[in-house]
Amino acid sequence: MEKLKSFLSGNKLAQGVLIGVYVLITSLALYLSQKSVVAFLLLLFSLLLLYYTQFSNRLKWLLAGVVLVGVLPWAASSGPSYQSYMEVATLVGIYVAMALGLNIVVGLAGLLDLGFVAFFAIGAYTYGIFATGQAANFMPFGEYPLSGGSFWFFILVGCFAAALCGVLLGIPVLRVKGDYLAIVTLGFGEIIRIVYNNLDKPVNITNGAMGISSVTPPELFGIQFTYPSQFYYIVLGILVVVMFAVRNFEYSKIGRSWKAVRENEIAAQSMGIHLVKTKLLAFAIGASFSGMMGVVFAAKQAFVDPTSFTLLESITILVMVILGGMGSVPGVILGAAVVTILNLQVLTEVTNWLNQLSMEGAISFPEALSPSKMQRFIFGAILILFAIYRPQGLIPAKNPVFNEDELKKHAAKQTGTKEPVTEDRVMQA
């Protein structure tokens, strides 16, 4: 085993062959099986293996794109569970984008937010109201519902509406910190849900607790998007944009400002960082990602109601960030995928299997410990184990390492001098 590790550690060709063989075997297993959750999960696991290879980042992104765009849909398309596989993959993408948005607020800026699902609701209702006849109740002009082509425009509308609400939330609450900030954001999330739940009178805007049904599906070049396999590509496209934006923000001036505020607000302010603007920008950008995915969620479900935006959803998204590793983009992606797949697929399949064994008499459970009732208990136990043995997250955040000699050479080129470069001169450059 040690020889194998040493052989693979510095051999990119061997790593490439191993990844290629692994993807080929798992994709064929998924393609040939009628329904195999294990094969589906093993194929997704290839993305994690790819992350730990020594390829360049550009090549990793390219190979991951090939797996997600071509291999995974093809391998899952042969059996009757094609749409269920794509449903899971689509929801994973939605939650990954929201977790990345919350990671900006919590992981980078250090602002504890327990009402993040409110921005998800704002995006969902923004599209749901205008993509049905609800808008006709209070809009004096225009014909409703709007066509499916308006969906692409409403992705931007949901993004800006959620960002605006993030700023409006941040302005009054940034005077408080820590636990008090968590309480205020929790209250904001509950207020948004209750407002949508009661906004059916005197003017029926949201249809109250009954929700909004028959939301117009997206349309492009005359093709309607109604199946999870179609929404999968929409989510994948938005997710690429979100990840590109997050990676660029993380290593930009504003990203370093967020980290400075997270570590020590007084020290950051003394270095010239404007606390209010920096925090508001974190709220706005994080909320915008959630708003976009809210629009996609409303179109995919074709139904929006307040029960989809409870406090439990906000806590679940926060768990994704903490489990993956706060401040770590690959960690948050992995955390969101693990939590979503556990809830939607793994625990559900295990529960169904145990229920079937119980019905066949192979095993018996007390009524209080039936598998259907213990699913959330098992999920909680798994989270506790992760928290005990991986307290820093599945993939902890790493600070970039710089070569001091290269920095000095770069500083010398900028200053145009051949004299020895001191630390002060490096900082000035």
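Helices here are DSSP runs of H or I with at least four residues, numbered from the N terminus, and their axes are lines fitted to C-alpha atoms over the stretch in contact, with angles from 0 to 180 degrees between N-to-C directions. The model is predicted, so local features need pLDDT of at least 70 and side-chain atom pairs count only at pLDDT 80 or more, while totals for chains, interfaces and linings use all residues. Residues are numbered from 1 along each chain as its sequence is written, and side-chain values use heavy atoms, leaving out hydrogens and water.

Let's start with a pair of helices. Helix α14 (residues 329-360) and helix α15 (residues 371-389) have axes that come within 10 Å and cross at roughly 140°. Where they meet (heavy atoms within 4.5 Å), the α14 side includes V339, L342 and L347, and the α15 side includes P371, I378 and F379. By class, this contact has eight nonpolar, six polar and one charged residues.

Next, look at the largest nonpolar core, which has 104 residues. Such a core is a set of buried Ala, Val, Leu, Ile, Met, Phe, Trp, Tyr and Cys residues joined through side-chain atoms within 4.5 Å. L100, Y127, M293 and V296 have the most contacts inside this core. Helix α5 (residues 82-108) gives the most to it, with 19 residues. Beyond its neighbours within four places in sequence, Y127 touches residues including F151, F154 and V295.

Finally, visit S46 in helix α3 (residues 37-51). S46 counts as buried because its relative accessibility is 2%, and buried means under 20% relative accessible area with a 1.4 Å probe, protein chains only. Leaving aside neighbours within four places in sequence, S46 is in contact with I19, Y22, V23 and V67.

How values were computed:
Helix = DSSP H or I, 4+ residues; strand = E, 2+ residues; numbered from the N terminus. Nonpolar A, V, L, I, M, F, W, Y, C, P; charged D, E, K, R; others polar. Buried < 20%, exposed > 50% of the residue type's maximum accessible area, 1.4 Å probe, protein only.
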